[in-house]
Amino acid sequence: MNSGNIAPRYAKALLHLAYKKECLDEVQSELDMFVALYEKEENTFLKWAQNPKVSLTKKQTELKKIMSSYKGQPIFLQFLLVLLCRNRMSLLPRIAYMYDKYRQEITGKIKAIAELPFALDTDTKETLRMQIAKHMNKEIDFVEEIKPELITGFRVHAGSLLFDTSLRTQLNRLSKTLLEG
């Protein structure tokens, strides 16, 4: 079985457990945090997790030590241990992506990631969230990412849609209009 088919199965299994324990959003937060750590330290962490010279017992002990430093969901630690035992840690980013997709389907919420050149005040953030929710006809989990290179405007990724009012996009549209006639 190829890895493209395996990640969704792991994501569904984790989703099922989180649903039963009523901690879908908490597990998503932990997945996001761990994937960010994984991607930041990918070479080191993945090499360590896949190193045949390090015993599985040692890997499990170290992972438990890492995870004990914060109080997360026990099912998430168990899930990571399963991935470690089955040598599937490299699938973690894809599993996290699929988990989020399935979680959104179950909860009816969509994650909207707003890329902005500066932080928004609370009222403006809420107004933007409500506008997106109205347009999408769904509840929105709003995530703000500061991207100073945008200079002005913003980009919002919500589901499969992209709302882009960035300066680059506006200049590209203007250029295209001028070139066409």
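Biologist: Which side chain does Lys-109 meet in a salt bridge?

Modeller: Glu-139, at 3.9 Å from N to O. A salt bridge here is a side-chain nitrogen of Lys or Arg within 4 Å of a carboxyl oxygen of Asp or Glu. One caution: this is a predicted model, where local features need pLDDT of at least 70, side-chain atom pairs count only at pLDDT 80 or more, and totals for chains, interfaces and linings use all residues. Residues are numbered from 1 along each chain as its sequence is written, and side-chain values use heavy atoms, leaving out hydrogens and water.

Biologist: Which parts does that pair tie together?

Modeller: Lys-109 is in strand E1 and Glu-139 in strand E2 (residues 139–146), so the pair links parts 30 residues apart in sequence. Helices (H or I, at least four residues) and strands (E, at least two) are DSSP runs, numbered from the N terminus.

Biologist: Is Lys-109 buried or exposed?

Modeller: Lys-109 is buried, at 17% relative accessibility, while Glu-139 is partly exposed at 46%. Buried means under 20% relative accessible area, exposed over 50%, and partly exposed in between (1.4 Å probe, protein chains only).

Biologist: How many salt bridges are there by that rule?

Modeller: The count is 14. Another one joins Asp-25 and Arg-103, 2.8 Å from N to O. Asp-25 sits in helix H2 and Arg-103 in helix H6, so this pair ties together parts 78 residues apart in sequence. Arg-103 is buried at 3%, and Asp-25 is partly exposed at 32%.

Biologist: And what does Lys-111 meet in a salt bridge?

Modeller: Asp-32, at 3.4 Å from N to O. Lys-111 lies in strand E1 (residues 109–116) and Asp-32 in helix H2, so here the two parts are 79 residues apart in sequence. Salt bridges with shared partners join Asp-25, Asp-32, Asp-100, Arg-103, Lys-109, Lys-111, Glu-139 and Asp-141 into one network.

Biologist: Switching to packing: which residues have the most contacts inside the largest nonpolar core?

Modeller: Val-27, Leu-80, Met-89 and Tyr-99, in a core of 34 residues. A nonpolar core is a set of buried Ala, Val, Leu, Ile, Met, Phe, Trp, Tyr and Cys residues joined through side-chain atoms within 4.5 Å. Helices H1 (3–20), H2 (24–40), H3 (42–50), H4 (56–68), H5 (74–85) and H6 (92–107) are the elements that give two or more residues to this core. There's a second, separate core of 13 residues, including Ile-110, Leu-120, Leu-128 and Val-156.

Biologist: What does Val-27 touch?

Modeller: Leaving aside residues up to four places away in sequence, Val-27 touches Leu-14, Ala-18, Gln-73, Ile-75, Phe-76 and Tyr-99. Contact means heavy atoms within 4.5 Å.

Biologist: Which leucines form a nonpolar patch on the surface?

Modeller: Leu-171, Leu-174 and Leu-178, with about 320 Å² of accessible area together. Patches are made of residues with over 30% relative accessible area and no salt bridge: like charges are joined within 9 Å, nonpolar side chains (Val, Leu, Ile, Met, Phe, Trp, Tyr) within 5 Å. Areas come from the Shrake-Rupley method with a 1.4 Å probe, and for residues only the protein chains shown count as cover. Leu-174 is in helix H8 (residues 167–180) and is partly exposed at 48%.

Biologist: Last one: where is Glu-22?

Modeller: Glu-22 is in the loop between H1 and H2. Its phi is near 55°, a positive value in a residue other than glycine.
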